[in-house]
Amino acid sequence: MSTKDKFDELMERYDKDQDLCGVISSGKNVYPLGSDTKVLSTIFELFSRPLVKHFADKYGYEVIEPDKQNHYPDFTLQRNACDRAKIAIDVKTTYVIAPTDRFSYTLGGYTSFIRNNTKNIVFPFNHYSEHWVLGYVYTRSALKKSATHKVYKLDEIDEIPRPYQDVEWFFQEKWRIAGDKAGSGNTTNIGSIYGCLEDFQAGNGPFRSEDEFLDYWRHYERTAEERARKFSHVEGYRQWLKS
């Protein structure tokens with residue numbers, strides 16, 4: 001059974017309690033989450049932690065999390081400290097306005113560890129044999145500020161506004177959902193495909209293999225102003241290789 005089959009099976013059976021409504025203080029006050037996307041991304045990472053630990057325990061891995069900010073991946077699975085076939089799992093979260101909307105993610109930098117083996121990564125890049133994305137997409141709820149600014153008591157939980165609904169997920173290899181365009185403006189982030197949930201679940205990306213994905217992004221230039229760009233899409237890359 002592949003890593004994907006194992007994780008999908010576990011995710012289907014996992015008791016998911018994703019209806020989080022706030023943060024509880026020691027005084028038993030509940031502070032609503034609000035709709036800040038950075039806060040909600042952290043919340044979904046918290047949802048993922050026990051799931052990844054369950055997977056690791058079941059299949060004989062230990063889980064390592066980064067001790068520095070902005071280091072890839074969110075979770076490293078390894079058999080032992082000498083393991084050179086580690087598994088990387090990165091958690092990605094985004095939202096849509098309507099459940100049928102298309103969406104995308106950014107998938108990490110293309111000038112960091114895929115070019116420099118040890119840059120911004122927990123272990124050297126060549127110590128990993130698999131790279132996976134656990135992706136969440138939720139429908140954003142319209143919230144009234146007056147409701148999110150209020151402090152609630154535990155017996156008022158049902159009154160607390162939820163910032164999201166209709167949570168969906170996928171577990172897919174990074175290269176299979178990577179696109180051939182940079183994400184988030186002028187930054188050096190790899191952009192994912194732009195599609196519906198089924199595209200991410202099926203891995204309908206443009207690359208034929210992980211090797212092609214890595215070589216493409218290792219040669220992708222940051223901006224056209226720096227020098228004439230060799231290519232800007234995967235077909236152009238293939239033509240560039242032939243020439």
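Before the details, a word on conventions: residues are numbered from 1 along each chain as its sequence is written, and side-chain values use heavy atoms, with hydrogens and water left out. Since we are looking at a predicted model, local features need pLDDT of at least 70 and side-chain atom pairs count only at pLDDT 80 or more, while totals for chains, interfaces and linings use all residues.

Let me begin with the interior. A nonpolar core here is a set of buried Ala, Val, Leu, Ile, Met, Phe, Trp, Tyr and Cys residues joined through side-chain atoms within 4.5 Å, where buried means under 20% relative accessible area, exposed means over 50%, and partly exposed lies in between, using a 1.4 Å probe and protein chains only. The largest such core has 31 residues, and the members that touch the most others are Ile114, Ile190, Phe207, Phe213, Tyr216 and Trp217. Two or more residues come from each of strand E5 (86-96), strand E7 (128-140), helix H4 (174-177), helix H5 (197-202), helix H6 (210-218) and helix H7 (234-242), these elements being DSSP runs numbered from the N terminus, with helices (H or I) of at least four residues and strands (E) of at least two. The largest contribution, four residues, is that of H6. Apart from this core lies another, of 26 residues, among them Met11, Phe47, Ile87 and Phe171.

With neighbours within four places in sequence left aside, the contacts of Ile190, meaning heavy atoms within 4.5 Å, include Tyr105, Leu107, Ile114, Phe213 and Trp217. Ile190 and Trp175 are 15 residues apart in sequence, and their C-alpha atoms are 10 Å apart in space.

Phe207, for its part, touches residues that include Trp175, Asp180, Glu212, Phe213, Trp217, Val234 and Arg238, again not counting residues up to four places away in sequence. Within H7, the buried residues are Val234, Gly236, Tyr237 and Arg238, and the buried residues of this helix pack against strand E10 (178-183) and H6.

That brings us to Asp180, whose place is in strand E10. So which label does Asp180 get, buried or exposed? Asp180 counts as buried, because its relative accessibility is 14%.

Now to the charged pairs. A salt bridge is counted when a side-chain nitrogen of Lys or Arg is within 4 Å of a carboxyl oxygen of Asp or Glu, and the structure holds 11 of them. One joins the side chains of Asp180 and Lys181, at 3.3 Å from N to O; here Lys181 counts as partly exposed, because its relative accessibility is 44%. Another joins Glu212 and Arg238, at 2.9 Å from N to O. This pair links distant parts of the chain, Glu212 being in helix H6 and Arg238 in helix H7, 26 residues apart, and both residues are buried. In a further case, the closest N and O atoms of Glu221 and Lys230 are 2.8 Å apart; Glu221 counts as buried, because its relative accessibility is 6%, whereas Lys230 is partly exposed at 33%. Finally, salt bridges that share partners join Glu212, Glu235 and Arg238 into one network.

I will close with the backbone. Most residues other than glycine have a negative phi, and most peptide bonds are trans.

Turning to phi, Asn120 has a positive value near 55° and is found in the loop between strand E6 (106-109) and E7; its relative accessibility is 30%, so Asn120 counts as partly exposed. Asp166 also has a positive phi, near 50°, but its place is in strand E9 (residues 164-173), and at 45% relative accessibility Asp166 is partly exposed.
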